[in-house]
Structures are given as structure tokens and as C-alpha cells.
Amino acid sequence: MAETYLKYGKDPVLTKMAKDIVGSQKKEIAAMDKWMKARAGK
């Protein structure tokens, strides 16, 4: 939803919020990928 808002939204406050959400989620996804790869052989 946040990425869609960044594509179509106009409100500067919501745009900042959406950018923050996308950034946080990308970090969380990277951490989960790293965690899963570390445990793939177990």
C-alpha cells in the first residue's frame, strides 16, 4: 500500500510516512532473508 501511495499520492506528510514504511520493510525483509539463508542447511 505504501508503494502505491508513493506512486499516486500527493500529501507530503503521507508521502514521508509511506517512504518511512517502505524503508523499514525493506530492512526487515533483508534481515529475514539473511536469517533464512543462514538456516537453510539446518
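Predicted model: local features only at pLDDT ≥ 70, side-chain atom pairs only at ≥ 80, totals over all residues.
Modeller: Residues are numbered from 1 along each chain as its sequence is written, and side-chain values use heavy atoms, with hydrogens and water left out.

Biologist: What makes D20 and K16 a salt bridge?

Modeller: The term requires a side-chain nitrogen of Lys or Arg within 4 Å of a carboxyl oxygen of Asp or Glu; the closest N and O atoms of D20 and K16 are 2.9 Å apart, so the pair qualifies. By this rule the count comes to one salt bridge.

Biologist: How do you know that D20 and K16 are separated by about one helical turn?

Modeller: They are four residues apart in helix α2, and therefore about one helical turn separates them; a helix here is a DSSP run of H or I with at least four residues, numbered from the N terminus.

Biologist: Why is K16 called exposed, and why is D20 called partly exposed?

Modeller: Buried means under 20% relative accessible area, exposed over 50%, and partly exposed in between, with a 1.4 Å probe and protein chains only. K16, at 52%, therefore counts as exposed, whereas D20, at 41%, is partly exposed.

Biologist: Which label does M17 receive?

Modeller: M17, which is found in helix α2 (residues 12-38), has a relative accessible area of 45% and is therefore partly exposed.

Methods
Helix = DSSP H or I, 4+ residues; strand = E, 2+ residues; numbered from the N terminus.
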